[in-house]
Amino acid sequence: MRDLPILESHDRPFLRAEDLVITRNGRRLLDVADLALGGTGPTLFLGPNGAGKSLLLRCLHGLIVADRGRVTQDGQPIGAEQRRRQAMVFQTPVLLRRSVAANLDYVLKRRGLARGARRARIAGLLEEGGLSGKDRQAARSLSGGEAQRLAILRALACDPEILFLDEPTSALDPAATQDIETMILRAARRGTRIVMITHDIGQARRLAHDIVLMQGGTVAESGPAHDFFDDPQSQAGRRFLAGGLVL
Ligand SMILES: Nc1ncnc2c1ncn2[C@@H]1O[C@H](COP(=O)(O)OP(=O)(O)O)[C@@H](O)[C@H]1O
Ligand SMILES: [Mg+2]
């Protein structure tokens, strides 16, 4: 079955995956015929464990090259230039063994910002992530929620056009999750394209403008979130929302 692009024909996709196939040990792990991401609001990927969500996200970010097919950003293949315009946040934050401020400084320095500009930007970022006053604390001593907020700040410090997040709140409690969701929505409102995986249907309802439901390495259904939640078009979608297993 051909996947349905999620955009209206007059929208231009910012990301497109075509004919994407990954096979390992004779198993087809990913098989995406044509998936186009457009629109300005967050796109949330849903689906059971092992559906291929993380693999697809890694392909879209250029971390993995599929056996077949192509990924394009604004019509261009994903290369160094495209990757510079993207950032990724994982479920478990990967932080440098340095202070909170040094984790942000590292990224800003790499981008060529002068010392004064870096200092001002770090202060702004820490404020945005509710981490003001923790600048000298060792990043590895932060709580799970604080560490994830820092990881998101570090991604945002790159001013990415696209921010990928792979289950960024699955290890966090509801309050910490809410803080992260607030940061993500703020970034989306400022124009950052959010492409995010979650297994939390409530979170998808709160954040998603568009939904991509994956199942067995394929896209079972994709489209506007309100359509999906009101009236899913696929059997996989109906089962998923009913809380049953999608097999
Ligand atoms: N490097 C790999 N080699 C072999 N199999 C892999 C590899 N990476 C992922 N897989 C398999 O691909 C399938 C999809 O994985 P993944 O994308 O992580 O699923 P999801 O994120 O939806 O839970 C799983 O069955 C997983 O075991
Ligand atoms: Mg995953």
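The model is predicted: local features need pLDDT of at least 70, side-chain atom pairs count only at pLDDT 80 or more, and totals for chains, interfaces and linings use all residues. Side-chain values use heavy atoms, with hydrogens and water left out.

**Helix 5**

Helix 5 covers residues 144-156. Helices are DSSP runs of H or I with at least four residues, strands runs of E with at least two, numbered from the N terminus. The expected span is 1.5 Å times one less than the number of residues. For helix 5 that gives 18 Å, and the end C-alpha atoms are 18 Å apart, which agrees. Its buried residues include Glu 146, Arg 149 and Arg 154. Packing partners (heavy atoms within 4.5 Å) are strand 6 (86-89), helix 3 (100-110), helix 4 (115-128), strand 7 (162-166) and helix 6 (174-189).

**Ligand 1**

The shell around ligand 1 (residues with a heavy atom within 4 Å) includes Arg 24, Pro 48 and Gly 52. Three side chains place an N or O atom within 3.5 Å of a ligand oxygen, the cut-off for a polar contact.

| Side chain | Distance to an oxygen of ligand 1 |
|---|---|
| Arg 27 | 3.1 Å |
| Lys 53 | 2.8 Å |
| Ser 54 | 2.9 Å |

Strand 2 (27-37) and helix 1 (53-60) each give two or more residues to the shell. Helix 1 gives the most, with three.

Technical notes. Residues are numbered from 1 along each chain as its sequence is written. Chains are lettered from A and ligands numbered from 1 in the order in which they are written. A polar contact is a pair of N or O atoms within 3.5 Å; within protein, one must be able to donate a hydrogen and the other to accept it, and residues adjacent in sequence count only if both atoms are side-chain atoms. Buried means under 20% relative accessible area, exposed over 50%, partly exposed in between (1.4 Å probe, protein chains only).
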